[in-house]
Amino acid sequence: MSRYSVFSLVRNAFSYHQNWQRAWRSPDPKREYDVVIVGGGGHGLATAYYLATECGITNVAVIEKGWLGGGNTGRNTTIVRSNYLWDESAALYGHAMQLWQGLSQALNYNVMYSPRGLLHLAHSVHDMQEIQRRGNAIYLNGIDSEFLSPEQVREMVPFMSMEGRYPVLGALLQKRGGTARHDAVAWGYARAADAAGVDIIQNCEVTGFDIQDGTVTGVQTSRGRIGAKTVGVVTAGHSSVMAEMAGFRMPLESFPLQALVSEPVKPVVDCVIMSNGVHAYISQSDKGELVIGASSDAYNSYTQRGSYDIIEDTLQAICEMYPLFTRMRMLRQWGGIVDVTVDRSPIISKTPVRNLYFNCGWGTGGFKCTPGSGHVFAHSLANGDMHAIAAPFSMDRFNSGALVDEGAASAVAH
């Protein structure tokens, strides 16, 4: 938009950039809303945006206990992909991928979606069997993927050690996969939702739910009671805590998940490279930093930090596979709280409390489905019934046994 043109940059430089128009308002909460979204991360903001722009519901509030995108949205490795095995997952993540491709235009905000390609390595016969099975399955669901030989992998990544401790026998490539800028996604959805009439209320912690005759009627917050006809909870690693406030339990466990970045260097990694066998993945940011991710810690915790052994194991694998990086210095490390289900698939569901819905259980895969999750959740809240793509991810599946088990099928742990 013109407000961010080079002329605006020059003009605002004379006032030390103190007079920029706010990207979104900071209103006081109303007494009641048609829909209250608890959680101001990417999924919550996307839900509010689609409620206002596609479902015609603009009397919406997004309540965030801290600042927008300060949770897992700002604590991930920004990877975008849709190459999950099962039909239900393919529908959900494939829907998200379609939205990613036009998201900057839809929001009129550059979310820096970069389809640079995502490469899944196979280090063993089992890995090869897994990527062949998954590649064929997702092809039947219309999701692009290509099998690469070791020679083709070497051509793409000439600096990789192919015959070392983790020999590369092949790979699965999704060319539409890649990265997006996590902060820009939150800011873009926030600005667009605000422009559509949504109230975004930061520094407002939910402390309880008002429930009458089994129906939610509002939320108690650090800024007083806020009434609501419908409440959607999108609080990631704290979802089990929110469920307990509402009087029921969610089948979730919360773990720390770590990532780290290196000092910036010139462009060298032009795709995302993932390894399920050692669970170390790497990409390069636009600033030149190597972005390195790992598996979640082995213990339950609500802390946004992790253990040193995960960092050590991850960097050992990175140095083994990419000797070029052995002398790189790491700049910073961070952790998020991931909410994990037994089948490693999300929960997008009604709950035992009427008009109270939960969107959670994304584990390490939440960011990549941000637009798809928000879109189907918004239509579910608006219609009072779950969207067809969201329906298989009901919490009732843990009673019926109709699991969407991506635990060993999605090429990462979850």
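The legends below describe close-up views of a predicted model.

**View A. The largest nonpolar core and the elements that build it.** The largest nonpolar core holds 51 residues, among which Leu92, Trp100, Tyr189 and Ile348 touch the most other members. Two or more residues are given to this core by each of strand 1 (32-38), helix 2 (42-53), strand 2 (60-63), helix 3 (87-101), helix 4 (103-107), helix 7 (182-195) and helix 10 (370-383). In soluble globular proteins, nonpolar side chains tend to be buried together.

**View B. The surroundings of Trp100.** When neighbours within four places in sequence are left aside, Trp100 is in contact with Val80, Val111, Tyr113, Ala180 and Val185, and also with Phe367, Lys368, Thr370 and Pro371. Thr370 and Pro371 belong to the helix 10 side of the contact with helix 3, to which Trp100 itself contributes on the helix 3 side.

**View C. Helix 2 packed on helix 10.** The axes of helix 2 and helix 10 lie 7 Å apart and form an angle of about 50°, which makes helix 2 oblique to helix 10. The crossing of these two helices is right-handed. Helix 2 contributes Gly42, His43, Ala46, Thr47, Tyr50 and Leu51, while helix 10 contributes Thr370, Pro371, Ser373, Gly374, His375, Phe377, Ala378, Leu381 and Ala382. By class, the residues of this contact are eight nonpolar and seven polar, with no charged residue.

**View D. Helix 3 packed on helix 10.** Here the angle is about 105° and the axes are 7 Å apart, so that helix 3 is roughly perpendicular to helix 10. From helix 3, the residues Leu92, His95, Ala96, Leu99 and Trp100 meet Thr370, Pro371, Gly372, His375 and Val376 of helix 10. The contact of helix 3 with helix 10 comprises six nonpolar and four polar residues, and no charged ones.

**View E. Helix 2 packed on helix 7.** The axes of helix 2 and helix 7 come within 9 Å and cross at roughly 30°, which makes helix 2 roughly parallel to helix 7. Helix 2 passes helix 7 in a left-handed crossing. Gly42, Leu45, Ala46, Tyr49 and Tyr50 of helix 2 meet Ala186, Tyr189, Ala190, Ala192 and Ala193 of helix 7, and the residues of this contact divide into nine nonpolar, one polar and no charged.

**View F. Thr215 in strand 10.** Thr215 lies in strand 10, which spans residues 215-221. Because its relative accessibility is 17%, Thr215 counts as buried, the cut-off being under 20%. Not counting residues up to four places away in sequence, Thr215 touches Asp210, Val353, Arg354 and Asn355.

Technical notes:
Residues numbered from 1 in each chain as written. Predicted model: local features only at pLDDT ≥ 70, side-chain atom pairs only at ≥ 80, totals over all residues. Heavy atoms only, no water. Core = buried A, V, L, I, M, F, W, Y, C linked by side-chain atoms within 4.5 Å. Buried < 20%, exposed > 50% of the residue type's maximum accessible area, 1.4 Å probe, protein only. Helix = DSSP H or I, 4+ residues; strand = E, 2+ residues; numbered from the N terminus. Contact = heavy atoms within 4.5 Å. Axes fitted to C-alpha atoms, helices over the stretch in contact; angles between N-to-C directions. Parallel < 35°, antiparallel > 145°, perpendicular 65-115°, else oblique. Left-handed = near helix turned anticlockwise from the far one by under 90°. Nonpolar A, V, L, I, M, F, W, Y, C, P; charged D, E, K, R; others polar.
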